Amino acid sequence: MYIDSHCHLCFPELAGDIDGVLARMAAAGVSGALNICVTLEEFPRVLALAERHPNIWCSVGVHPDYPAGSAEHGAPIEEPSVERLVQLADHPKVVAIGETGLDYYRLQEPLDWQRERFRTHIRAARLARKPLIVHTRSAADDTLRLMREEGAGEVGGVMHCFTETWEVARDALDLGFCISFSGIVTFKSARDLQEVARRVPLDRLLIETDAPYLAPVPHRGRTNEPAYVRHVAAKIAALRQLPEQEIATKSTDNFYCIFNILC
């Protein structure tokens, strides 16, 4: 069995066919998924879906792609506070804080608001005693620096949809974080990332889709969904010359461990 450790089931591409998504997930041997929150406005939908399905869990957080004062569906984005995040995380189906982190790819400095938001999430995770879901893009040095400064290692978590170097992976591993691989690892152009996938310790490895984005080969270019996470496992197994079931079992065990879920 497989677990999709990071997907966005409440995004429009999937939400309109959630019964079909879950049925295809089950048929593919994917036994569960972590539905990730990206804004506080979205959180009630994210939590409601997790409450309806025993094999769906969720997180709470605000993604770094949403600038302060921006809007989602016409409504202003609520800037999270430590207290608000801790309050919302106090639910058995909320197993993580995030998606949080730093993303310098599209946005221009000054990005002090983004760095402060990341610090807020780390502080909330430490108070709530729940792991972090960390997003980093074109910002690895600052991401790791803030994680160290704020004591993120006390709670650990996941470097999701990892695309950085082995050196960044090693530093995150030293902080007690797992490394999660998405469909990108199946792309022909991802040779450096494939080398990282060969080297990450098996007890610190997770697989994900980041659905509805980044569909793996052979579904590249289509809407992604949790059923496709098995292709990520298959690619990592091939890279490491291991049985696919070993990657499936280890990544599933790691998921339950890092998110403190009793199965």
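This is a predicted model: local features need pLDDT of at least 70, side-chain atom pairs count only at pLDDT 80 or more; totals for chains, interfaces and linings use all residues.
**Stop 1: the largest pocket**

Begin by selecting Asp 65, Arg 106, His 135, Arg 137 and Asp 210, which are the closest to the centre of the largest pocket among the 19 residues that line it. The volume of this pocket is about 500 Å³. Next, colour strand S6 (94-103) and strand S7 (132-137), the elements that give two or more residues to the lining. S7 supplies the largest share, three residues. Sorted by class, the lining consists of seven nonpolar, six polar and six charged residues.

**Stop 2: the largest cavity**

Select Thr 136, Met 159, His 160, Cys 161, Phe 162 and Thr 163, the residues that line the largest cavity. The space inside the largest cavity is about 30 Å³. Its lining comprises three nonpolar and three polar residues, with no charged ones.

**Stop 3: strand S1 and His 6**

Move to His 6, which is located in strand S1 (residues 2-7). With a relative accessible area of 1%, His 6 is buried. Display the residues around it: setting aside those up to four places away in sequence, His 6 touches Leu 34, Ile 36, Glu 99, Ile 133, His 160, Glu 208, Thr 209, Asp 210 and Ala 211. For a sense of distance, select the C-alpha atoms of His 6 and Val 196; they are 190 residues apart along the chain and separated by 19 Å.

**Stop 4: helix H6**

Select helix H6 (140-149), and within H6 highlight the buried residues Ala 140, Thr 143, Leu 144, Leu 146 and Met 147. Viewed down the axis of H6, these residues fall within an arc of 165 degrees, so they line one face of the helix. Just after H6, Gly 151 has a positive phi of about 75 degrees.

**Stop 5: helix H7**

Continue to helix H7 (residues 166-174), whose buried residues are Trp 166, Val 168, Ala 169, Ala 172 and Leu 173. Seen down the axis of H7, they lie within an arc of 160 degrees and therefore line one face of the helix. The cover over these residues includes H6, strand S8 (157-159), strand S9 (177-181) and helix H8 (191-199). After H7 comes Gly 176, with a positive phi near 90 degrees.

**Stop 6: the nonpolar cores**

Which residues have the most contacts inside the largest nonpolar core? They are Val 60, Leu 132, Met 147, Phe 177, Ile 179, Phe 181 and Ile 236, in a core of 80 residues. Helix H9 (residues 229-240) gives the most to this core, with six residues. Another core lies apart from it; this one has 15 residues, including Ile 36, Val 158, Phe 255 and Ile 258.

Now centre the view on Phe 177. Leaving aside neighbours within four places in sequence, its contacts include Leu 132, Val 134, Met 147, Ala 172 and Arg 204. Of these, Met 147 is one of the buried residues of H6, and Ala 172 is one of the buried residues of H7.

**Stop 7: Val 229 in helix H9**

Select Val 229, which belongs to helix H9. Is Val 229 buried or exposed? Val 229 is buried, with a relative accessible area of 0%. Not counting residues up to four places away in sequence, it touches Tyr 2, Ile 3, Asp 4, Val 30, Ile 207, Glu 208 and Thr 209.

**Stop 8: the loops**

In the loop between S6 and H5, select Pro 110; a cis peptide bond joins Glu 109 to it, with omega about 10 degrees. A further cis bond runs from Val 217 to Pro 218, where omega is near 20 degrees. Pro 218 lies in the loop between strand S10 (205-207) and H9.

Leu 214 is also placed in the loop between S10 and H9. Although Leu 214 is not a glycine, its phi is positive, near 60 degrees, and at 29% relative accessibility it counts as partly exposed. Finish at Gln 241, in the loop between H9 and helix H10 (244-258). Gln 241, likewise not a glycine, has a positive phi of about 55 degrees, and its relative accessibility of 73% makes it exposed.

Key. Residues are numbered from 1 along each chain as its sequence is written. Side-chain values use heavy atoms; hydrogens and water are left out. On a 1 Å grid over the protein atoms alone, a cavity is a set of points where a 1.4 Å probe fits but cannot get out, and a pocket is an open set with protein on both sides within 12 Å along at least five of seven lines; lining residues have an atom within 4 Å of a point. Grid points are joined across faces, edges and corners, and a volume is the space filled by probe spheres set on the points. Helices (H or I, at least four residues) and strands (E, at least two) are DSSP runs, numbered from the N terminus. Ala, Val, Leu, Ile, Met, Phe, Trp, Tyr, Cys and Pro count as nonpolar, Asp, Glu, Lys and Arg as charged, and the others, Gly among them, as polar. Buried means under 20% relative accessible area, exposed over 50%, partly exposed in between (1.4 Å probe, protein chains only). The arc is that of the directions from the helix axis to the C-beta atoms. Contact means heavy atoms within 4.5 Å. A nonpolar core is a set of buried Ala, Val, Leu, Ile, Met, Phe, Trp, Tyr and Cys residues joined through side-chain atoms within 4.5 Å.
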